[in-house]
Amino acid sequence: MSSKYQSREIITKAICGKGRKFSTVTHTVTPPHKPSSILGAWIINHQYEAVAAGDGIEVIGTYDINIWYSYDRNSQTEVAKETVSYVENVPLSYLDSRHRASTVEVTAEATQEPSTVEASVSGDGRVAIRVEREFAVELVAETKLHVLVVPGGDDGDKDFDFGSELGDYEDLDPDLLDDEL
């Protein structure tokens, strides 16, 4: 590198970690009456927050499961309600280890809200509910960027070769590229 170029460090906030996790869980609800059949099952009141946890992000949340069912040989109906708490550990598929840990902020987005896939009655009168959910998480923190500068701000000499050739992009991981650009 020519001696007319200098290096500077810039401290900035940046996305230093990303992750995504799809999961299927089964909850068991015991209605007050022994169900004959399930007429409907849905999930409402989903609330969650994200916290940093080791090399991942924990999504901590709750939702209400509502089961509309018939009982007494399908002559009566009722809705059973139960609030479920969960902790979903989302591993980071990308993590820049050079971030400043004291400045970490984490966010989570439910890319697929919890939804009922299947509800079935077991022989003992309990209802098994299979739920799917998916979260995308990001870890934002301060990190350092190294930039090359020309002393005096001379814009006339822009012949510095950063070694970019068309083949340099073959090793990029397409999962790390931002789809929102």
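**Strand β3 and its neighbours in a predicted model**

Biologist: In the hairpin of β3 and β4, which residue takes a positive phi?

Modeller: This is a predicted model. The hairpin of β3 and β4 has four residues between the strands. A positive phi near 55° is found there at Asp72.

Biologist: How many bridges pair β3 with strand β4?

Modeller: Strand β4 covers residues 76–91, and its pairing with β3 is antiparallel. The number of bridges between β3 and β4 is 16.

Biologist: Which residue takes a positive phi in the hairpin of β2 and β3?

Modeller: Strand β2, residues 35–53, runs antiparallel to β3, and 15 bridges join them. Ala53 stands opposite Gly56 in β3, and Glu49 is opposite Ile60. The hairpin has two residues between the strands, and the positive phi, near 65°, belongs to Gly54.

Biologist: Which are the edge strands of the open sheet?

Modeller: Three strands form the sheet in the order β2-β3-β4, with antiparallel pairing. An edge strand here pairs on one side only, and this holds for β2 and β4.

Biologist: What is the average twist from one strand to the next?

Modeller: The open sheet has the order β2-β3-β4. From one strand to the next, the twist averages 15°.

Biologist: How many of the 16 residues of strand β3 are buried?

Modeller: Strand β3 spans residues 56–71 and is mostly covered. A residue counts as buried when its relative accessible area is under 20%. By that cut-off, the number of buried residues in β3 is twelve.

Technical notes:
Residues are numbered from 1 along each chain as its sequence is written. This is a predicted model: local features need pLDDT of at least 70, side-chain atom pairs count only at pLDDT 80 or more; totals for chains, interfaces and linings use all residues. Side-chain values use heavy atoms; hydrogens and water are left out. Buried means under 20% relative accessible area, exposed over 50%, partly exposed in between (1.4 Å probe, protein chains only). Two strands pair if DSSP finds at least two bridges between them. Axes are lines fitted to C-alpha atoms, for helices over the stretch in contact, and angles run from 0 to 180 degrees between N-to-C directions.
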